[in-house]
Amino acid sequence: MRASLVSAAILGLASQAASIDPLVIKGSKWFNSKTGAQFFVKGIDYQPDITSTSAVRDPLADTAGCTRDLPFLKDLGVNAIRVYQTEPFGNHDKCMSMLADAGIYVMLDLSTPTETINRDTPSYDVDLLGYYQRKVDTFSKYDNVFAFLAGNEVTNAYNNTGASAYVKAALRDVKSYIKSKHLTIPVGYATNDDADIRWQLQTYFDCGSISDRADFYGINLYEWCGPTATFESSGYADVVKNFTSWDVPVLLTEYGCNAIKPRTFPEIAAIYGSNMTSSFSGGFVYEYVEEPNEYGLVKVSGSTGTKTADYDYFKKALAAVNPSGMSMSSYTPNGKQQSCPSVAASNNWIASSTLPPVPSNATCSCMMNTLTCVSKQSTIPTSAGDLAKFGQSVSTIFGTVCGSVDCSTVSGNATAGKYGKYSFCDPIQRVSWVMTEWYNEQRNVDGSCDFGGFAKIVSVKSSDDSSCSDQKDDPKSPSSPSSDKGDSSSSSSSAAKTLGGAPSMAALSVSVVLAMLTAALF
């Protein structure tokens, strides 16, 4: 039986998030910064499609959707939501204010399906860092934003563990950016629970200098299936024992097996009970909205929502727990930092602890001033067809030239921990470097800077790139989009705008081009 819950009117909205006590981390626990009480996440994963348009999936910019969903969130008794897709555009004030008024905190993923690190062909460039920085700028003003996630299940098997080096580099640089703004919002990572790489992943994101390490660690765990499972038989006990002496907070960023229906959520008693609260800080059930995978607690349609069969089971299970915590003043951290996993196939790990360098627009612009054969296109195409054609051209050029010219300057190897000094530049800049190398290799003969009409010859502004690596961006300003960099740039924006002032899907698909480019190198 499915029951309907009528959305109540939300009154007295402020223009910014209402007063709510910020959360802070001490050791392996979260605390309320004002009261000093330990905080346990009693959350839900929240990613409904926006009701006004399907152009961008940013539920926190959709006031109608937030008005529809808030009564359900309050009725369920959750104190936090995790939002997977948001954009650094539009106005989030009303949704964030409603959530703050309800005492609900927000954890935000930095990546989106189009702005992310590809696990199979990983790379990390100036544009991706700039996107993450702009998202920090957009959401850091809200006191109920208590954490950012730098990645979600990017590594999910031994053969793509190298991608973790790029994720950890992005995590490092976002932490540095937040620190430069005199903010204290933590940045963490969320992983699936793969027994073959479980220990390697969690130690990798905890090893190294404090500036490189994850501030907290999330696990997406679906092992507890049905009412007959136990803490031991479900595998929860095996996961928890690995974190008994951890030095940063750990929580479940997703949980809730649906192999047996209806879901009665017996794992909630364990998550907020004595078996886990000494090392875990709660978790987020997957998920709020009903989708074809049938994990949702609420089925939404336009401005209305309807409870699914799982709704009341979750509400009852969550209401029955009251985790016992400690005060911040009485807590003395005693966790232990981990050592980095060894890089070896026998250890199911191929990511070096040496991370990619910090991307720098200034470095890439300096490099562009030394090139003679560059891309005719100054920006990434915005239409899907042109983007695919551009990506194929770039991939072909790399595949052809790098077979006879050393392209290590614009590529990286996460297993060896070696990264070229221009490996973080955008696709146009990197392919321009490759074409110039070929042009020089051919001694500038006619036709050697053509590449099927893709390239053009330009005048060199500087013949020496030795100082380019010394050029650094302002650490307090987000990296500019590629259309603002280098001599090959134009004054027009590389991101055509769609509804709500957000970039189109094609404009945000630079990661697709990077994936093709990286594949061509290896």
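Mentor: Glu 287 lies in the loop between strand 11 (282-285) and strand 12 (298-301); strands (E, at least two residues) and helices (H or I, at least four) are DSSP runs numbered from the N terminus. The peptide bond that leads from Tyr 286 into Glu 287 is cis, with omega near 5°. This is a predicted model, in which local features need pLDDT of at least 70, side-chain atom pairs count only at pLDDT 80 or more, and totals for chains, interfaces and linings use all residues. Residues are numbered from 1 along each chain as its sequence is written, and side-chain values use heavy atoms, without hydrogens and water.

A cis bond also joins Lys 261 to Pro 262, with omega near -5°. Pro 262 belongs to the loop between strand 10 (250-255) and helix 7 (267-271).

Next, phi. Asn 348, in the loop between helix 8 and helix 9 (361-368), is not a glycine, yet its phi is positive, at about 55°. With 25% relative accessibility, Asn 348 counts as partly exposed (buried is under 20%, exposed over 50%, partly exposed in between; 1.4 Å probe, protein chains only). Arg 443 is likewise a residue other than glycine with a positive phi, near 60°. Arg 443 sits in the loop between helix 11 (427-441) and strand 17 (455-457) and, at 74% relative accessibility, counts as exposed.

As for confidence, pLDDT (the predictor's confidence in each residue, from 0 to 100) averages 88 over the protein, and 87% of the residues score at least 70. pLDDT stays under 50 over residues 1-17 and is below 50 over residues 482-510. Where pLDDT is low, the predicted coordinates should not be read in detail.

Terms used:
Contact means heavy atoms within 4.5 Å.
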